Amino acid sequence: MSRRIALVEDEPALRDNVADALRRHGYDVATYGERGAALVAFRARLPEPALIDTGLADDIDVGFALCRELRALSPTLPIIFPSARDSDFDIVAGVRLGADDYVTKDTSLPHLAARISALFRRSDLLKAPPATEDVLERGPLKLDVKRFMTQWNGARVDLTLTEFWMVHALARFPGHVKDRDSLMRDASIIVDDSTITSHIKRIRRKFQAIDPAFDCIDTVYGIGYRWQADAP
């Protein structure tokens with residue numbers, strides 16, 4: 001069965017062009033020109049993943065609102081923002097809302113297809129993880145790969161797909177510094193340094209919402225990040 005992608009884009013020519021390209025890669029693509037129709041469809045059947053333009057018609061931020069609504073339906077469904085807006089503010093805002101990736105509309109279609117393929121690889125890893133690594137525990141941290149569940153001191157932490165694999169990459173080898181390229185490989189993403197930084201900040205905030213004293217992710221300036229070897 002073809003994997004289903006939802007494309008929310010209000011420019012008909014661009015929408016058709018992207019949809020046709022993705023169909024040539026073997027995907028089942030459902031297209032929507034506005035938020036209401038997309039949300040009705042998402043409530044009936046979730047896609048895998050959703051590509052959402054940040055602005056639709058005259059509402060420049062409606063895509064962000066749709067991302068929040070989709071996140072409420074599924075904390076793990078991959079979301080990509082393909083947008084004409086490429087400012088750091090917009091990219092960081094998209095990541096903070098829970099997007100797994102953010103690409104500009106001048107990104108080539110083969111590049112976009114490669115990033116979608118990377119998201120599917122991560123989803124597949126969740127469905128068939130190595131038996132010896134189903135559960136990773138580091139003190140109060142528990143990562144259940146098979147159930148895609150993160151807990152801290154027994155409390156659930158709702159991480160996105162990207163965030164989960166970044167925490168997994170860091171916590172597997174406490175004390176080892178992971179540079180940004182390593183984190184991108186482990187999380188199967190292709191983003192710039194500022195987006196990696198935004199993901200780390202969002203991860204910290206989610207843990208700190210449960211435990212204000214959480215400080216297990218160190219920033220090693222100029223290099224990357226590490227999970228503290230002496231973390232509780």
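## Burial and basis of the model

A residue counts as buried when its relative accessible area is under 20%, as exposed when it is over 50%, and as partly exposed in between, with a 1.4 Å probe and protein chains only. By that definition both E163 and K206 are buried. Of the 232 residues of the protein chain, 53% count as buried.

This is a predicted model, in which local features need pLDDT of at least 70 and side-chain atom pairs count only at pLDDT 80 or more, while totals for chains, interfaces and linings use all residues. Residues are numbered from 1 along each chain as its sequence is written, and side-chain values use heavy atoms, with hydrogens and water left out.

## Overall make-up

The protein chain has eight helices and 12 strands. Helices (H or I, at least four residues) and strands (E, at least two) are DSSP runs, numbered from the N terminus. A contact means heavy atoms within 4.5 Å. Among contacts in the protein chain with a separation of 6 or more, 60% come from residues 24 or more positions apart.

## Salt bridges

A salt bridge is a side-chain nitrogen of Lys or Arg within 4 Å of a carboxyl oxygen of Asp or Glu. The structure holds nine of these salt bridges. One of them joins R4 to D28, with the closest N and O atoms 3.3 Å apart. This pair links distant parts of the chain, since R4 lies in strand 1 (residues 4-8) and D28 in strand 2 (residues 28-32), 24 residues apart. R4 counts as buried because its relative accessibility is 18%, whereas D28, at 30%, counts as partly exposed.

Another salt bridge is formed by the side chains of E163 and K206, at 2.7 Å from N to O. E163 belongs to helix 6 (residues 161-172) and K206 to helix 8 (residues 193-210), so the pair ties together parts that are 43 residues apart in sequence. R226 and D218 also meet through their side chains in a salt bridge, at 3.6 Å from N to O. Elsewhere, salt bridges that share partners join E163, R202 and K206 into one network.

## Helix 6

Helix 6 has 12 residues, and its end C-alpha atoms are 17 Å apart, which agrees with the 16 Å that it should span at 1.5 Å a residue. The expected span of a helix is 1.5 Å times one less than its number of residues.

The buried residues include L161, F164, W165, M166 and H168. E163, the salt-bridge partner of K206, is also among the buried residues of helix 6.

Two strands pair if DSSP finds at least two bridges between them. Three strands form an open sheet in the order 10-12-11, with antiparallel pairing. Strand 10 (178-179) and strand 11 (217-220) are the edge strands, each pairing on one side only. Strand 10 and strand 12 (residues 224-227) run antiparallel and are joined by two bridges; K178 stands opposite Y225 in strand 12.

Helix 6 packs on this sheet and touches strand 10, strand 11 and strand 12; its direction makes about 65° with that of strand 12. For such angles, axes are lines fitted to C-alpha atoms, for helices over the stretch in contact, and the angles run from 0 to 180 degrees between N-to-C directions.

Four strands form an open sheet in the order 6-7-8-9, and the pairing is antiparallel. Strand 6 (135-138) and strand 9 (155-157) are at the edges with a single partner strand each, so one side of each is left without a neighbour in the sheet. On average, neighbouring strands here are turned by 25° against each other, direction ignored.

Strand 7 (residues 141-144) and strand 8 (residues 149-152) run antiparallel and are joined by four bridges, with T150 in strand 8 as the bridge partner of L143. Helix 6 packs on this sheet too, touching strand 6, strand 7 and strand 8, and its direction makes about 120° with that of strand 7.
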